[in-house]
Amino acid sequence: MKELMMILRKEFIHILRDRITLLLVLAMPVMLVLLFGFTISTEINNAKIAVLDLSKDSQSKLFLNKITASGYFQIVSYPNSETEIDHDFKNKNIKLAIIIPANFETKLAVDKKATIQIINDVSDLNVASVLNNYMRVVISDFVNEYNGNQSPPIPFGMSTQMAYNPQMESVYMFVPGIIALIMIIVTALMTSITLAREKESGTMRMLLITPVKKVYVVIGKIIPYMVLSLICTLLILVISVLVFQMPIKGSIWFLLFLCFVFMLTSASFGLMISAMVNTQLDAMMVTMMGLFLPTVLLSGFLFPLDNMPYFFQILADFFPAKWFIIAIKDVMIKGTGFLGIWKYLLILFVMAVILISVSLSRIDKRE
Amino acid sequence: MLLIMKMEKMYSIEVENLTKKFRHFTAVDNISFQVKKGEIFGFLGANGAGKTTAIKMMCGLLQPTSGKATIADFNLASDYKNIKRNIGYMSQRFSLYADLSLYENMQLFGTVYGIPRKELKDRIFNSLESLQMADKAKTLVYSIPLGWKQKLAFATAMLHEPKIVFLDEPTSGVDPIVRREFWNMIYEAAARGVTIFVTTHYMDEAEYCERVSIMSEGQLKIIGTPAQLKEEMQVDAIADVFQKFVKR
């Protein structure tokens, strides 16, 4: 135990004396959250739209008021025909147009059915789909209100409900992803690099030649970076709550426990990598290509997994980030407890156990 | 019986038919030799002759393919963990932690060898004192000259009072004055009964050894006192003996 404490102390000294790396590691999460938060915002306010109102009755006026009141849209033009809509797309820079059918009020009251046509400018796919979603929210709001005033309520075709993230804030999407990325960088990358550094400098041989237990050397490497990674996670959470009003619905202690399990998995990946390589450069390349890239691409953080070819969906299952991101979203946004995410915790935990035992058996053997 | 026991205890290193194969390459080929307690034993050979592989096996870092060895009275196959407690090691590549101070390095290695804290403090203090580096205890290792580092590494390897110390080219890249001082430290340790197992490329250092062996292509070619080897090969210097065996 005294040996372990001494190795831990040495490892913390390494971290604290390497000021530049420490500064980078602590600044990175802050930079990433602010960068993603302010630049990659998918929110659009006051998008210019055109409205072709073919009925001009009280219900259509009500509906248009609802659109303007939402704050997402700004009606800049009232064309009189579909050709004029086309003209507006080209010349007035509108992003979306809606067509309200003739006899809107009657259709609602008598037919119990009305179709509002939405025309999108899909030359920018992201903007189009975001605006489309906003419009769906407005329409469903309108329908709900209409139904509330009617008795009995009319059955209405569409019922989209934006649950858990009604404002569709993009913070909700990227904060869990950034936490996963940072933890991969700090635990997996740093652990594998520093272990490889000791191999390069020959200090690993000096340690292995002593009677110290190899498990201590390994634990001594993992724990300090887990602590560092936890600090980074807290930084990310504090910024996302204070600056971006990200909610944390679930228990904060449970959230931290989930992060701890993911850190363990991530550190054991780092351990596995350092058992395979001999130089810092190799450690870095393998971690980047083998763990970091799959985390960015295959975790569902930036690109939805459902749209990927089946092969990649299966491949994604083998990287811890996917499971972690599903779980942390549930805990933060929905407030899910242990019963809801125990499966993901179990997957992460089993991954860690397998990786740690494989790499320990590799390190612990005399060649 | 008593006599045999005494005979056995004479040696601190006994190696018998030790072999290490990596796939089809035989790095160490069936070597056998003994080293007496308190002896300074020179282990010579060209680069790639298999010296480092042999030392790694004797230190318990590498599993031998075949053969037996008794190191510091412990069986290499069954008891390598006890061997580790009783040997010290220092390599050609300086390998203490550069971002730790002199004291922190010694404290780290002393602690992992299980030296009690108070005892360790005294030993480090004495050791730094005799190195005349006591005032540098808090200096970070990267800022001291190479010669000092090598002496520090040797002192660190001696902290837990090992019975045998393996020195793998300890003086390479060091100036002649420090080399002299380094060998004085080796003599002092040997005088205290520590067995010194040293590899070197400096032939004048080979002459300082009580006995030397020369390895080539994994095999132990010749072994004896420097005087014996020179007489046997009818040359004037160990350097010439060396030349005869490593000529390719």
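Me: Which residues in α10(A) meet which residues in α11(A)?

Reply: In this predicted model, A:Phe269, A:Gly270, A:Ile273, A:Ser274 and A:Met276 of α10(A) meet A:Ala283, A:Val286, A:Thr287, A:Gly290 and A:Leu291 of α11(A). Residues are in contact if their C-beta atoms, placed from the backbone, lie within 7 Å. Helices are DSSP runs of H or I with at least four residues, numbered from the N terminus. Residues are numbered from 1 along each chain as written, and chains are lettered from A in the order written. Local features need pLDDT of at least 70 and side-chain atom pairs 80 or more, while totals for chains, interfaces and linings use all residues.

Me: Why are α10(A) and α11(A) called oblique to each other?

Reply: Their axes cross at roughly 135 degrees and come within 10 Å. Angles under 35 degrees count as roughly parallel, over 145 as roughly antiparallel, 65 to 115 as roughly perpendicular and the rest as oblique. The two helices are therefore oblique.

Me: What is the handedness of the crossing of α10(A) and α11(A)?

Reply: The crossing is right-handed: the near helix is turned clockwise from the far one by less than a right angle.

Me: How many residues of chain B are in contact with chain A?

Reply: 21 residues of chain B are in contact with 19 residues of chain A. On the chain B side, α4(B) gives the largest share, five residues.

Me: Which domains does the assignment give for chain A?

Reply: Domain 1 is 2-40 + 170-364 and domain 2 is 47-149, with bounds from an automatic or database assignment. Their centres, taken over C-alpha atoms, are 46 Å apart.

Key: Contact = placed C-beta atoms within 7 Å. Axes fitted to C-alpha atoms, helices over the stretch in contact; angles between N-to-C directions.
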